[in-house]
Amino acid sequence: MSQTTCTEAEPARGAAPVDRRVAKTRRALRQALIELTEERGLDALGVGDICERADINRGTFYNHFADKESLVIALEDELLAQLELFRARIAELDALGFAKLRLTKRPLPVLVDLFDTLRDQGDFLHAMLGPRGDASFGPRLRDCVCTDLVYSVLHERYRASADPFVGYYVSFYAAAYLGVIMRWVETGMTESSETMARIAMRLFFIKPGETIVL
């Protein structure tokens with residue numbers, strides 16, 4: 001029994017270095033992709049360019065990804081999977097809860113955490129959302145986060161409404177919130193996550209004629 005346990009444990013101990021190597025390769029490819037996208041534009045890059053910048057050989061690249069597009073999608077999916085974790089928390093929000101926090105001028109905790117996560121991925125977001133990045137990524141980010149955020153503050157009777165105006169309302173504000181995120185990324189994320197959470201809440205409730213300072 002002792003021998004069997006020892007034999008089974010050895011692969012587990014040996015697996016960690018492999019995982020670390022994979023993670024190191026992935027980090028190198030991610031950084032290379034970001035740098036080259038900023039410098040040349042995503043469309044101008046090839047696998048060879050990325051491998052040269054990441055200092056890995058093509059064989060290693062193709063062990064992990066089929067092509068450049070597969071690498072881009074994998075990294076985007078990784079970020080969206082992190083943001084997906086916020087969907088349940090956002091779905092629990094309601095307009096009344098927003099309004100109460102607005103009166104106290106306290107930022108919504110889930111929004112602070114959301115902007116923290118976006119900040120952690122700031123370099124990737126800047127590259128992919130920029131003019132030289134992936135044009136398809138913005139709509140994916142919008143649908144993953146912004147649309148749910150808008151639905152969360154709708155009155156319950158509107159959430160399942162088939163009225164066309166409700167759909168346009170949600171689309172309008174979801175696109176607007178994507179614009180907020182993009183502006184934050186483009187301007188260097190100088191505002192704190194708490195400030196961005198307050199800005200997001202303020203934009204929900206601002207009325208015509210009100211002051212537009214925070």
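Leaving aside its neighbours within four places in sequence, which residues is S193 in contact with? In this predicted model, local features need pLDDT of at least 70 and side-chain atom pairs count only at pLDDT 80 or more, whereas totals for chains, interfaces and linings use all residues. Residues are numbered from 1 along each chain as its sequence is written, and side-chain values use heavy atoms, with hydrogens and water left out.

Beyond those sequence neighbours, S193 is in contact (heavy atoms within 4.5 Å) with V112, F115, D116 and R119. S193 lies in helix 12; helices are DSSP runs of H or I of at least four residues, numbered from the N terminus. With a relative accessibility of 2%, S193 counts as buried, the cut-off being under 20% relative accessible area with a 1.4 Å probe and protein chains only. Its side chain makes a polar contact with the side chain of D116 at 2.6 Å; such a contact is a pair of N or O atoms within 3.5 Å, one able to donate a hydrogen and the other to accept it.

Helix 12 (residues 193-205) also packs against helix 11 (residues 164-186): their axes, lines fitted to C-alpha atoms over the stretch in contact, come within 12 Å and cross at roughly 155 degrees. Helix 11 is therefore roughly antiparallel to helix 12, a term for angles over 145 degrees. Y173, Y177, V180 and W184 in helix 11 meet M196, A200, L203 and F204 in helix 12. The residues of this contact comprise 8 nonpolar, no polar and no charged.

In helix 8 (residues 122-129), 6 of the 8 residues are buried, so this helix is largely enclosed by the rest of the structure. The buried residues are G122, F124, L125, A127, M128 and L129.

How values were computed: Axes are lines fitted to C-alpha atoms, for helices over the stretch in contact, and angles run from 0 to 180 degrees between N-to-C directions. Helices (H or I, at least four residues) and strands (E, at least two) are DSSP runs, numbered from the N terminus. Angles under 35 degrees count as roughly parallel, over 145 as roughly antiparallel, 65 to 115 as roughly perpendicular and the rest as oblique. Ala, Val, Leu, Ile, Met, Phe, Trp, Tyr, Cys and Pro count as nonpolar, Asp, Glu, Lys and Arg as charged, and the others, Gly among them, as polar. Buried means under 20% relative accessible area, exposed over 50%, partly exposed in between (1.4 Å probe, protein chains only).
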